[in-house]
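Subject: Structure handover

Hi,

Here is the structure I promised to pass on. Please open it alongside this note, and my findings follow below.

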Amino acid sequence: MDASASWRTETIGERAGGIRRHAAATAWVVALLAILGFLVVYPVLMLLLGALTDTNPVIDGFGVFRLSIANFIAVLTNPNVGDALVNTLIACGGGTALAVIIGLTFSWIVVRTNTPGKRFIAAVSMLPLFAPPLVAGIAWVILGSPKTGLLNTMFKWMNLDLRVDFYSLSGLIFVFGVYYAPYVYMFTASALRNMDPSLEEAAEVSGASAFATLFSVTFPLIMPAIVSGMLLSFIVMLGIYGIPAVLGAPTNINVLTTYIFRLTNWSPPLYNTAAAVAIILMMVTGLLVWLQQKVLTGRSYTTVAGKAFRPRSLDLGRWRWFTFSLAIVYLLVVVVLPLLALIVAAFRKFMFIRDAASLFDMRQYSLMHFNAIFDNPLTLRSIYNAVEVGITTAIVGGALAFAIGYTIHRTQVTGRGAIDLLATLPVAIPGLVIGVAYLWAWIGLPGGLYGTIWILALAFIARFMPDTVKVLSTSFLQIHRELEEAAWICGKGMLGSIRTVILPLARPGVIAAMTLLFVLAIRELGSSLFLYTSNTMVMSVLLLDYYEGGNLGKTAAFSLVQTLLLGVLIGLANWLSRGAAQTSVGRTG
Amino acid sequence: MMKKMMVAAALALGVSPALAQDFGSKELIDAANKEGRLVYYTANFAEVEQQVINAFNKRFPNIKVEMVRAPGGQLITRVKTEAAAGKLAADVVDHSDRALMAELVDLFQDYAPPNAGDYIPEAQISPKLWPRATLVWSIAYNTELVKNPPKTWMDLTKPEYNNKQIGQVFAASGGTTWTRIMFERQVLGEDYWKKQAATNPVLFPSGAPTSDSLVRGEISIAPLLYNAIYPKQKDGAPIKIFFAPEGAPVNPYATGIPKTAKNPNAAKLFLNWCLSLEGQTFMIKELGNLTSLKVAPVYPEGFDPKVVKVWLPKFDEYVKYHAAWVEEWNKTYGYRQ
């Protein structure tokens, strides 16, 4: 065979292979889009359908479906929805402002000052992300109730004329602010670390004080990071149910999430109206996500140049002990006080505390509430279920996120933009709304999904898809294409190169994504509320049940059990993934 | 011959055949044991129902009761939605709001316990649905905080208890509360709500958080379902409970077995036991319920039938007035839905 003939056969072969590859790629993209459509688009459409009709599509069938915007009109003209919306904006707005102050302060302290114990402060700044919102809310009920709060009891004992009332919008703002500050911290700390200090030096050479430099140069330069963190913490607060549910209930303060839940709780329940409120909440969130994208891509804030630099460290002198004490105060507020409150409530027989002396009366303490919760077979079952759902979510969701991440970042197939969009969409859907949407979407379908742990797992996979893909993407981007190309040259196919090159190299990222999913899934409350059945009761739902069942002792005891379990799991996860899972553990409600 | 031997064996074991008969035939018990489980939907509190299940399991240890507890409105939606999709998982549905259950009566199968004739007919809205639990309203106060306790329903309108000392469950929360506010209006007077609302009470979504708040001292006095507060008094909480002389509003539940029940025998046995003298006595003594049996085996602590008049709403009015009166109550108490 001469050379040209051999060349010709090769091209024919290549072309046939190309067509085959092209067909395979198309099938692959279609399959991924179908899965995402099934997981994300279909439930949202069902929700929209429910909001646009006055019948229940499941009970009445689609035959009597009447398109009407009556629900939206009813919702928009209902002054209570307006109130809930205003409360939501005040609580999340105020909370975000506080989160920015706290997050920015700590990122500056950690990155730019010589405050002692910076590693410790950095860890403390991230800690609140791991507290389930309902647990945080319950702890602050025990601490901050106007009549019986432990803080007020202590103030009285110290003869201080000081009283706090957390059953209020300001209480809500405070708890939101301190627990969601890590979002701002995450963004601003890395921006400060990557910033070239030459501009600051220039400002100081021109005679500006350190303080003036901070506000006229440093903060304006990292503005995109501040805005990103701000918008993200706002979005997360919008979707939280646990905190406003417990702090707002005693004084009848509603936000959108608690209002949606109440609508479904009345007799008769108003699911269509709830769907309409949910759509409004989704639109507000969607708008903010869009805004965040716009801020991130709109202008150039390049401060990182090609030359190497070290971030400057400001010598605070004696003031460094002041900045250190700020971190201690924060630790006290987000961890120590709430934990003490939960311990008191969990071990105390009754939460009637006459005065500070009675608080230390050891005869009042016992293991009664722990015995009671472990006497209830649902307790162990809910822990078992939560772990089972967590593992299912982690494995299936991790595999799917891997497929999506690989397709988006390592291939050039057409349609990957749509895949990216659909995988990011759930960011804009609060957990509670996903729960309602999934209930409507799945119960009507034949087959056994409803009542199994799969409906919970699928809802969680959809809900946390953006977080998982994000964590995985980082590790994909770190692997150079050369390595894959080398595998191809050595005769490996695409699957072969994934198996021999990508998977081993991306392993820490994959493990991080899976452990993240696992932790997120066992914490999740909002979307579980509508999807559990007798066999699939999970921990977070049972905790709410204990709370609504009106026994603070048992609620606190189970909160401690859950906190301990989460602590162990997160420790394990961290150890497995070497810290990579820390990025977004807080987005659950 | 076989039967005689069994009776002899039963007598030898100290089990009276008459008592065994209370819960159903041997065939039923065998079939129930074979099914081995049942799914129980209830609107009552999980903690309370767990005790009922434990007591039932002392007698029938081989039948596992899987409980789904949800607040009234959610439970009804769950039943309706699941039934429409052909996926109703419940073998027993137990609900506090008889009006909501009345709409679903077609979902349920014919059922009557062995002691059906012992029950007050007015407590039932359908021959298929039974008053498994009968709850009664009382008034409770925190003894550490209230030095001059109220003695009647009318006392709850006194200005000395104003400014958030009293806790109230709001009207729309469900069947039991609706019974209480009907009682207040029909027995205590058309203007009772107005006078009571003038004390500026704290409003709660249900009885459980109200009783917890009372124990903690967030509020000092509250009308409460006896079974929501009695267990806490029993455990030693600083609480006193009394039944007021004007009357004790009573709300019988409506409980039935769906036609689609997968474990109908276990369901029947469970309801037979709950409705039996043993089951009702347990619920009165341990949980603080009343009973809809014509002759009550015992009364809860502090309840003297010679002094306290039980008040049962007329069912047609219970259905007819609901929407309008709840709305009026909301206005009077400034509670906005």
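Start with a helix pair in chain B. The axes of α4(B), residues 46-59, and α12(B), residues 277-287, come within 11 Å and cross at roughly 135°. That angle makes α4(B) oblique to α12(B). The crossing is right-handed. From α4(B), the contact uses V48(B), Q51(B), V52(B) and A55(B). From α12(B), F282(B), M283(B), E286(B) and L287(B) take part. By class, that contact has 6 nonpolar, 1 polar and 1 charged residues. Keep in mind throughout that this is a predicted model.

**Chain B: a buried helix**

Look next at α10(B), residues 226-234. Of its 9 residues, 7 are buried, so α10(B) is largely enclosed by the rest of the structure. The buried residues are Y226(B), N227(B), A228(B), I229(B), Y230(B), K232(B) and Q233(B).

What do the buried residues of α10(B) pack against? Among the helices of chain B, they pack against α4, α9 (207-216) and α12. The strands they pack against are β4 (134-142), β7 (221-225) and β8 (239-242). After α10(B) comes G236(B), with a positive phi near 105°.

**Chain B: domains and a loop**

Domain 1 covers 2-133 + 253-287, and domain 2 covers 135-250 + 304-333. Their C-alpha centres lie 29 Å apart. In the contact between them, 12 residues of domain 1 meet 12 residues of domain 2. The domain 1 side of that contact has 7 nonpolar, 2 polar and 3 charged residues.

One loop residue is worth a look. N163(B) sits in the loop between β4 and β5 (167-169) of chain B. Is N163(B) buried or exposed? N163(B) is exposed, because 10 other C-beta atoms lie within 10 Å, and the cut-off for exposed is 12 or fewer. N163(B) and V202(B) are 39 residues apart along the chain, and their C-alpha atoms are separated by 8.7 Å.

**Chain A: a helix pair**

Now chain A. Helix α4(A) spans residues 79-112, and α5(A) spans 118-126. Their axes come within 9 Å and cross at roughly 155°. That makes α4(A) roughly antiparallel to α5(A). The crossing is left-handed.

On the α4(A) side, the contact is made by F106(A), I109(A) and V110(A). On the α5(A) side, K118(A), I121(A), A122(A) and S125(A) contribute. By class, the residues of this contact divide into 5 nonpolar, 1 polar and 1 charged.

**Chain A: domains**

Chain A also has two assigned domains. Domain 1 is 78-263 + 322-351, and domain 2 is 367-589. Taken over C-alpha atoms, their centres are 25 Å apart. How many residues are in contact between domain 1 and domain 2 of chain A? There are 28 residues of domain 1 in contact with 28 residues of domain 2.

Several helices supply two or more residues to the domain 1 side. They are α6 (133-144), α8 (169-193), α11, α12 (242-248), α13 (256-263) and α15 (319-347) of chain A. The domain 1 side has 23 nonpolar, 3 polar and 2 charged residues.

**Chain A: a residue in α11**

L232(A) lies in α11(A), residues 223-239. L232(A) has 24 other C-beta atoms within 10 Å. The cut-off for buried is 20 or more, so L232(A) counts as buried. Leaving out residues up to four places away in sequence, L232(A) touches Y183(A) and Q292(A). L232(A) and I19(A) are 213 residues apart in sequence, and 43 Å apart from C-alpha to C-alpha.

**Between the chains**

Last, the contact of the two chains. Here 35 residues of chain A are in contact with 43 residues of chain B. On the chain A side, α2 (57-60) and α25 (539-548) each supply at least two residues. That side divides into 14 nonpolar, 16 polar and 5 charged residues.

Best wishes

Conventions: Residues are numbered from 1 along each chain as its sequence is written. Chains are lettered from A and ligands numbered from 1 in the order in which they are written. This is a predicted model: local features need pLDDT of at least 70, side-chain atom pairs count only at pLDDT 80 or more; totals for chains, interfaces and linings use all residues. Helices (H or I, at least four residues) and strands (E, at least two) are DSSP runs, numbered from the N terminus. Two residues are in contact if their C-beta atoms, placed from the backbone, lie within 7 Å. Ala, Val, Leu, Ile, Met, Phe, Trp, Tyr, Cys and Pro count as nonpolar, Asp, Glu, Lys and Arg as charged, and the others, Gly among them, as polar. Axes are lines fitted to C-alpha atoms, for helices over the stretch in contact, and angles run from 0 to 180 degrees between N-to-C directions. Angles under 35 degrees count as roughly parallel, over 145 as roughly antiparallel, 65 to 115 as roughly perpendicular and the rest as oblique. A crossing is left-handed if the near helix is turned anticlockwise from the far one by less than a right angle, and right-handed if clockwise. Domain bounds come from an automatic or database domain assignment.
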